[in-house]
Amino acid sequence: MGKLIAIDGLDGSGKGTMTERLYQYCLEKEMQVRKISFPMYENKSSIGVRMYLDGELGGSPDDTNGYAASALFAMDRYLSFRTDWGMFVKQPDTVTIADRYTSANAVHQLSKLPKQDWDGFLDWLFDFEHTKLGLPLPDLTIYLEMPPHISLSLIKQRAGETGRKIDIHEKDTEYLNRCYEAGLYAAKKLGWQVIPSFEGQSPRCLDLIFADLKKLVKL
């Protein structure tokens, strides 16, 4: 089995950028490396996720309970694992870098539940994805901490520049606030490595974030 590194955080925290930088870093070191990103919008494995995020199951994230939504995202991972990236990650001396993973369910769906149910949900989630479905556990999960008010500003800026549609997660400010709290809770409970993606009221320098990331991955 190769090494699996998951990078997660709220939208706008720099997950995609750090995934790409780490991927290029591994290529420069002539490693056998692959990057994957969830949801896999381009694959039919993500149809349930796309219906959910596009609002076909309801206009608010809370219209789909945390367990049902988690199953949709988990199925995207499971189906793509079985048909695509699973063979690579099973090979020794490989590195797979995931932009979002089970950790995304731990952040976004945990936030829908009352706090007294958080530990039970996390136990269920990791048993479901990694025991019942057999998805590989990450060797390292890095959580990029970004306060929701900065995240929301970056989401709107990106949408304006690219014309990308804002999904039901991204347009719900109160939901993002809950996700921020849930993400820090999950990171502490599950032993994720937290890197700040902000400095004061602004996004942090990407070079500094990546310098911290390289120290953690030890490749």
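Analyst: One definition before we start: two strands pair if DSSP finds at least two bridges between them. Also, keep in mind that this is a predicted model.

User: OK, strands then. Which strand pairs with E3, residues 94-99, and in what sense?
Analyst: E1 does, in the parallel sense, over five bridges. Within that pairing, Ala6 sits opposite Ala98 of E3.

User: How many bridges join E1 to E4?
Analyst: Five, and E1 and E4 run parallel. E4 covers residues 140-145. Gly9 has Leu144 as its bridge partner in E4.

User: Is E1 mostly covered or mostly open?
Analyst: Mostly covered. E1 spans residues 3-9, and six of its seven residues are buried.

User: Which H7 residues are buried?
Analyst: Tyr175, Leu176, Arg178, Cys179, Tyr180, Ala182, Gly183, Ala186 and Ala187.

User: And what follows H7?
Analyst: Gly191, with a positive phi near 80°.

User: Now the packing. Which residues touch the most other members of the largest nonpolar core?
Analyst: That core has 23 residues, and the list is Leu10, Tyr52, Ala106, Val107, Leu110, Phe121 and Trp192.

User: What does Trp192 touch?
Analyst: Leaving out residues up to four places away in sequence, Trp192 touches Ser103, Ala106, Val107, Thr141, Tyr143, Gly183, Ala186 and Ala187.

User: What else is there in the way of cores?
Analyst: There is a second, separate core of 17 residues. Val95, Ile97, Leu213 and Val217 are among them.

User: Last topic, Ser45. Where does it lie?
Analyst: In the loop between strand E2 (32-37) and helix H2 (47-53).

User: Why does Ser45 count as buried?
Analyst: Because its relative accessibility is 10%, and buried means under 20%.

User: What does the Ser45 side chain make a polar contact with?
Analyst: The side chain of Asp76, at 2.6 Å. Ser45 also touches Met40, Met75, Leu79 and Ser80, among others, not counting residues up to four places away in sequence.

Key: Residues are numbered from 1 along each chain as its sequence is written. This is a predicted model: local features need pLDDT of at least 70, side-chain atom pairs count only at pLDDT 80 or more; totals for chains, interfaces and linings use all residues. Side-chain values use heavy atoms; hydrogens and water are left out. Buried means under 20% relative accessible area, exposed over 50%, partly exposed in between (1.4 Å probe, protein chains only). Helices (H or I, at least four residues) and strands (E, at least two) are DSSP runs, numbered from the N terminus. A polar contact is a pair of N or O atoms within 3.5 Å; within protein, one must be able to donate a hydrogen and the other to accept it, and residues adjacent in sequence count only if both atoms are side-chain atoms. Contact means heavy atoms within 4.5 Å. A nonpolar core is a set of buried Ala, Val, Leu, Ile, Met, Phe, Trp, Tyr and Cys residues joined through side-chain atoms within 4.5 Å.
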